[in-house]
Structure formats: structure tokens, C-alpha cells
Amino acid sequence: MSGELSPIDKAKFVAAKKAVEYVEDGMRVGLGTGSTAAWMVRCLGEMVREDGLKIRGVPTSARTAALARDVGIDVVSLDEAKWLDLTIDGADEFDGEFNLIKGGGAALLQEKIVATASDRMVVISDVSKEVETLGAFPLPVEVIPFGWQTTKALIEEMLDSLDVLGQTTSLRMNGAAPLFTDEGNHIVDLHLNRIGNARQVAMVLNQIPGVVENGLFVDICDTVVVGYGDGRVQVRDINENAVSEDRLEFVESENLFSDLGD
Ligand SMILES: O=C(CO)[C@H](O)[C@H](O)COP(=O)(O)O
């Protein structure tokens with residue numbers, strides 16, 4: 001199976017494999033959403049099945065919940081867990097201050113609630129997601145379906161007032177129909193190119209009626225684990241202002257890849 005994996009997938013895998021070293025017996029762990037987070041869920045599942053690791057996992061989407069159950073993780077709701085020791089999740093972009101854009105997988109609302117309810121958020125990423133300034137990736141904003149066109153127009157007015165020039169916005173589709181998130185909302189993607197003041201944009205967006213949440217994660221992430229296609233992995237910690245490097249073997253394992261098919 002490993003022979004078929006691209007360098008990007010290998011990078012995602014080694015980041016995930018390194019990040020699960022933070023998980024200890026008895027922890028309540030937030031489980032992110034996306035292809036990188038899926039590697040982390042598979043790695044944790046292997047630790048549960050083969051090493052007897054005992055954790056409770058709080059998934060951030062229906063698809064992560066399904067995968068977590070499949071691989072043997074004890075899945076509980078956030079209200080059952082109440083507070084989490086750690087959340088491990090992917091990102092669409094991260095900058096030097098560990099501010100993030102998330103929501104490419106339309107799970108930003110549960111992801112932000114879960115990450116905020118955690119002692120620590122560890123982001124796992126391949127190196128391509130690192131940027132100097134956030135914004136090349138379209139910023140997802142979750143809006144309620146009622147009056148979504150009005151909400152979208154208000155978002156555009158707000159961007160004009162902040163002098164975010166040249167922006168466009170689009171409703172995210174699922175084929176021919178608008179996409180619905182797990183919470184029954186829509187996503188409006190903001191094509192901004194550059195977000196100079198992420199904190200300000202995040203705060204102002206959330207004041208618009210109809211906006212439920214936006215995909216800017218400011219001051220939430222503590223640690224970024226960056227994977228490379230050759231097995232190198234770099235751990236950057238903002239609290240300790242520390243960077244460490246490691247190299248992981250890409251180990252082919254039937255169990256790890258069982259949900260991926262042939
Ligand atoms: O925010 C997310 C889902 O809402 C994901 O973490 C983000 O889109 C990264 O996904 P991937 O690991 O597949 O690149």
C-alpha cells in the first residue's frame with residue numbers, strides 16, 4: 001500500500017504519526033477532520049488495538065466519528081467529555097504565529113468548538129500549507145441557510161469597509177446543490193488572497209447576523225507538526241518557542257491501511 005502513496009500523503013502520515021506521541025493513556029482527545037487528521041485517527045486506532053491505549057475521542061465531524069469507531073477508538077460527545085486534554089487536527093494554511101485557516105473540509109464549526117475546549121491544539125500538516133500571510137486559501141465562513149444571500153452580501157460589505165480589495169465570495173456547492181455542513185448550514189468561501197489582520201477579520205465576520213463561525217483560528221493552536229515526503233518531521237511549539245526535528249520510517253501496515261482498500 002505504501003508504494004502507492006504520494007510524497008504529500010507520506011508527509012501527512014509522518015506528521016500524524018509524530019503527533020500521536022502526545023497522546024497518553026486516559027486522555028480525552030479531540031479528533032480533527034480531513035485527510036491528514038484521518039491518518040492521525042488510524043494511528044491512534046492502531047495504538048488502541050495493539051498497545052492497549054485507553055482514550056476517549058471526540059470527533060469533529062460525522063466522517064471522523066465513523067472512522068474513529070471503525071478503528072476501535074471509544075467515541076464520546078464533547079458534552080460527555082466536557083474538557084479535552086488535546087486536540088489534533090489538520091489545517092488548510094498556517095502562518096508563523098500559528099494562526100490558521102480551516103474549514104476546507106466544511107467541519108470548521110465543530111473543529112473550532114473542540115479545539116477551544118482543549119488544553120492544547122496540535123496541528124498536523126505537510127509543509128505546503130505553511131504561508132507567510134494567510135489568505136491564498138479561500139476563507140470558509142459557515143452561515144445559516146435562512147437568508148444566506150443577504151448574509152453573503154453583508155460579508156462583502158464588511159470586506160469593503162475593511163479595505164480588503166479585489167475579493168470575491170462563493171457559496172460552496174455539493175454537485176448542483178448547496179453544500180450542507182454537519183450542523184445543517186452552508187459555507188460561503190471568501191477569496192481574499194491576503195488577510196492582513198486575521199484577528200480583526202475573524203471578529204468582524206462573527207458579528208454579522210447569519211454568520212455562525214469563520215475558519216480563522218487565531219491564538220488557538222499551540223504546536224504545529226510539519227511533515228515532509230522523505231520522512232522528516234519538524235515539531236514547532238509556540239509556548240516553548242522551540243523547534244525539534246525527527247525522521248520517521250514509513251511503515252507499511254495492513255491494519256493501518258485497512259479502510260483505504262487496495
Ligand atoms: O479544516 C479542515 C476540515 O474542515 C481540514 O483540517 C483541512 O481542510 C485540511 O484538510 P487535509 O488534511 O485533507 O488537507
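Asp9 is partly exposed, because 19 other C-beta atoms lie within 10 Å of its own. On this scale a residue is buried with 20 or more such atoms within 10 Å, exposed with 12 or fewer, and partly exposed in between, with C-beta atoms placed from the backbone. Before I go on, please note that this is a predicted model, in which local features need pLDDT of at least 70, side-chain atom pairs count only at pLDDT 80 or more, and totals for chains, interfaces and linings use all residues. Residues are numbered from 1 along each chain as its sequence is written.

Asp9 belongs to helix 1. Helices here are DSSP runs of H or I with at least four residues, strands are runs of E with at least two, and both are numbered from the N terminus. Although Asp9 and Ser35 are 26 residues apart along the chain, their C-alpha atoms are separated by 8.5 Å.

Eight strands make up an open sheet with mixed pairing, in the order 3-2-1-4-7-15-16-17. Two strands are taken to pair if DSSP finds at least two bridges between them. At the edges are strand 3 (74-75) and strand 17 (242-247), each of which pairs on one side only. Helix 1, residues 7-19, packs on this sheet and touches strand 4, strand 7 (121-126), strand 15 (223-227), strand 16 (232-237) and strand 17. The direction of helix 1 makes about 160 degrees with that of strand 7. For such angles, axes are lines fitted to C-alpha atoms, for helices over the stretch in contact, and the values run from 0 to 180 degrees between N-to-C directions.

Within the sheet, strand 1 (residues 28-31) and strand 4 (residues 86-89) run parallel and are joined by three bridges. Opposite Val29 stands Leu86 of strand 4. Strand 4 is in turn joined to strand 7 by three bridges, again in parallel, and here Asp89 stands opposite Val123. On to strand 15: strand 7 pairs with it in the parallel sense over five bridges, and Asp126 has Gly227 as its bridge partner there.

Why is strand 7 described as largely enclosed by the rest of the structure? Six of its six residues are buried, so the rest of the structure largely encloses strand 7. Met121, Val123 and Ser125 point one way, Val122, Ile124 and Asp126 point the other way, and all are buried.

Strand 8 (residues 139-143) is joined to strand 12 (residues 186-191) by five bridges, and the two run antiparallel. Among the pairs, Glu142 stands opposite Ile187, and Val141 has Val188 as its bridge partner. Strand 8 also runs antiparallel to strand 13, with three bridges, and Val143 stands opposite Val211. Five of the five residues of strand 8 are buried, so strand 8 too is largely enclosed by the rest of the structure. Leu139, Val141 and Val143 lie on one side, with Pro140 and Glu142 on the other.

Glu111 counts as buried because it has 32 C-beta neighbours inside 10 Å.

Which residues are in contact with Glu111, leaving aside its neighbours within four places in sequence? They are Gly32, Thr33, Thr60, Asp89 and Lys102, where contact means that C-beta atoms, placed from the backbone, lie within 7 Å.

Finally, 18 residues surround the ligand, the closest being Gly34, Thr36, Gly90, Gly104 and Gly105. A residue is near a molecule if its C-beta atom, placed from the backbone, lies within 6 Å of it. Helix 2 (35-51) and helix 5 (108-116) are the elements that give two or more residues to this shell, and helix 2 gives the most, with three. By type, the shell residues are five nonpolar, nine polar and four charged. Here Ala, Val, Leu, Ile, Met, Phe, Trp, Tyr, Cys and Pro count as nonpolar, Asp, Glu, Lys and Arg as charged, and the others, Gly among them, as polar.

Methods:
Contact = placed C-beta atoms within 7 Å.
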